[in-house]
Amino acid sequence: MSLATTFVPAFLTAPKPFSWAIPSLPSLLELFPPWLLAVPKKKTSHSRKAMRSANKGLKDKQNLVHCESCGSPKLAHNLCPKCYRELNIAWKAKNRTA
């Protein structure tokens, strides 16, 4: 044995540790599809968010008609809530007596 090898610490002469590098994939872009890495470059400001959602408000109803039996306004092709309530009370009273 030579004098130089006896005074060198063991961690300097040990083989290199395991490497996680994959030689067939030079970058992460080949590993993941492009849509997975889609991230905005800048923060969306409060003003821009508000402008984007400004046109999402409630719309006026265009299908209002009058009920034929009581005359109260109701949505077309739907039951009148006032008439339905009266019918429901009558049905429940009839079922209780029967």
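Predicted model: local features only at pLDDT ≥ 70, side-chain atom pairs only at ≥ 80, totals over all residues.
Residues are numbered from 1 along each chain as its sequence is written, and side-chain values use heavy atoms, with hydrogens and water left out.

**Overall make-up**
- The protein has 4 helices and 2 strands, these being DSSP runs numbered from the N terminus (helices H or I, at least four residues; strands E, at least two).
- Along the sequence the elements follow the pattern α-α-α-β-β-α.
- Of the 98 residues, 6% count as buried, a class that means under 20% relative accessible area, with exposed over 50% and partly exposed in between (1.4 Å probe, protein chains only).

**Lys74 and the strands**
- Lys74, found in strand S2 (residues 73–75), is buried yet has no salt bridge, and the nearest side chain of opposite charge, that of Glu68, is 5.4 Å away.
- A salt bridge here requires a side-chain nitrogen of Lys or Arg within 4 Å of a carboxyl oxygen of Asp or Glu; for charge, Lys and Arg count as positive and Asp and Glu as negative, whereas His and the chain ends are not counted.
- Not counting residues up to four places away in sequence, Lys74 touches residues including Leu64, Cys67, Leu79 and Pro81, contact being heavy atoms within 4.5 Å.
- Leu64, in strand S1 (residues 64–66), is exposed at 54% relative accessibility, and beyond its neighbours within four places in sequence Leu64 is in contact with Lys74 and Leu75.

**His77 and the loop**
- His77 lies in the loop between S2 and H4 and has a positive phi of about 65° although it is not a glycine.
- His77 is exposed, with a relative accessible area of 83%, and its C-alpha atom is separated by 9.6 Å from that of Leu64, 13 residues apart along the chain.

**Nonpolar surface**
- Leu79, Tyr84, Leu87 and Trp91 make a nonpolar surface patch of about 450 Å².
- Patches are made of residues with over 30% relative accessible area and no salt bridge, like charges being joined within 9 Å and nonpolar side chains (Val, Leu, Ile, Met, Phe, Trp, Tyr) within 5 Å.
- Tyr84, placed in helix H4 (residues 81–97), is partly exposed at a relative accessible area of 39%.

Note on methods:
Areas by Shrake-Rupley, 256 points an atom, 1.4 Å probe, with all protein chains shown as cover.
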